[in-house]
Amino acid sequence: MTKEAGKRSRVNRGPLAEIDLSALQHNLKIVRKISEERPVIAVVKADAYGHGSVEIARNLARLGVSHFAVAYTGEAKVLRESGITADIIVLFDRSDVEDYFTYGLVPVVQDKETARKFSVEAVKRSKSIRVHLKVDTGMGRLGFRPEQTVSAALEIAGWEGIKLEGLMSHFSEADLADRSYASHQLNLFNEIRFAISGGLGRPIISHIANSAAVLSLKDAMMDAVRPGLLLYGISPFREGFGLMPLMTLKTSVLAVRDLCAGTPVSYGRTFITKCDSRIAVIPVGYADGYSRLYSNNSEMLVRGRRVPVAGRVCMDVTMLDVTSIGGVCEGEEVVILGKQGNEQITAAELAARIGTIPYEILTSLGGRARREYVNGH
């Protein structure tokens, strides 16, 4: 199958994700207000958390955001090829060194070996490349060990073709009520950044504040903030902070079944009607990112009212018990995530039902849905 044929085969399956760009603007204003107008490094990795990185980046760029962060060079290339000219920081990728020069990207350097590769390539091209160093202050994932960072930074800064522009780290639990470990990471990061700046005789751009830290650790905001989840309207805390979710996930009733009491529904007969019931079948299943863990364990909205998932979620369809709502018909709108009438199903609610986090909900559902952008400029 060709790439184009592969695209066509998915056009009409699964839900529609309606992305509200006015909510994006609203959330950016909140971030800027809280961070006291510090520069925003907008995190648009994982296809902007399922919202569509190209459209999100285009709209943020129109709103004055001049820095973006992605996970891998492939994501950065998509943005460049779509006309995004702002700085793009690549958080993880250590391969394809040439792409950084071809597409004008800013690498996050995690070790001296990778930094050396950038230096060699820069010299070969008679160019220089801006880099940000990452220090592992307690995430235990990637980055220079704290005791190695200052000496490594000063050494790398002296290599031909390298301009050490920034220093970053990442909190492992800034979203917890107990922020003692986050404070430990912050103190360690401050010691390192001051030592590097002193050794260089000049300041460097320091950034560590993710969404949770923007909301809870004022001292972490430093030279720039690095929000992701906040921009998409989700708070990592119980308090909403006035944020507006961008994504509403919709579908429509595929078929309606009137079943007698005692009739099993879906695989394994885990749901059996207790009375004469009306069951709506919707064209969304676990192939569309709607987890099988929602079997008999979630709700959707029909006519602004909550209706339960009936039986096991299938690969391509899910059943809803709409008995409590009279006369539900084929073609009626169903909201999986978002607001309908006075009711709302949030990413936090869906996450709690299956023991995960809103990030996974957005990337799983939004990443596989067709998208429609509204309220744009």
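Student: Leaving aside its neighbours within four places in sequence, which residues are in contact with Tyr267?

Tutor: Apart from those neighbours within four places in sequence, Tyr267 is in contact with Arg312 and Cys314; contact here means heavy atoms within 4.5 Å. The model is predicted, so local features need pLDDT of at least 70 and side-chain atom pairs count only at pLDDT 80 or more, while totals for chains, interfaces and linings use all residues. Residues are numbered from 1 along each chain as its sequence is written, and side-chain values use heavy atoms, with hydrogens and water left out.

Student: Why does Tyr267 count as exposed?

Tutor: Its relative accessibility is 58%. Exposed means over 50% relative accessible area, buried under 20%, and partly exposed in between, with a 1.4 Å probe and protein chains only. Tyr267 therefore counts as exposed.

Student: At which residues does UniProt place the feature "active site"?

Tutor: The unreviewed UniProt entry places this feature at Lys45 and Tyr267. They are spread over 223 residues of sequence and also in space, up to 36.2 Å between C-alpha atoms. UniProt also lists Lys45 for "modified residue: N6-(pyridoxal phosphate)lysine" in an unreviewed entry. Such annotations may be inferred rather than shown by experiment.

Student: Which residues of helix α12 are buried?

Tutor: In α12 (residues 358-368), the buried residues are Pro358, Ile361, Leu362, Ser364, Leu365 and Gly366. They pack against elements including α3, β9 (247-252) and β19 (370-374).

Student: How do the residues of the lining of the second largest pocket divide?

Tutor: The lining consists of Asp47, Gly367, Ala369, Arg370, Arg371 and Tyr373. Asp and Arg count as charged, Ala and Tyr as nonpolar, and Gly as polar. The lining therefore divides into two nonpolar, one polar and three charged residues. β19 gives the most to this lining, with three residues.

How values were computed
Helices (H or I, at least four residues) and strands (E, at least two) are DSSP runs, numbered from the N terminus. On a 1 Å grid over the protein atoms alone, a cavity is a set of points where a 1.4 Å probe fits but cannot get out, and a pocket is an open set with protein on both sides within 12 Å along at least five of seven lines; lining residues have an atom within 4 Å of a point.
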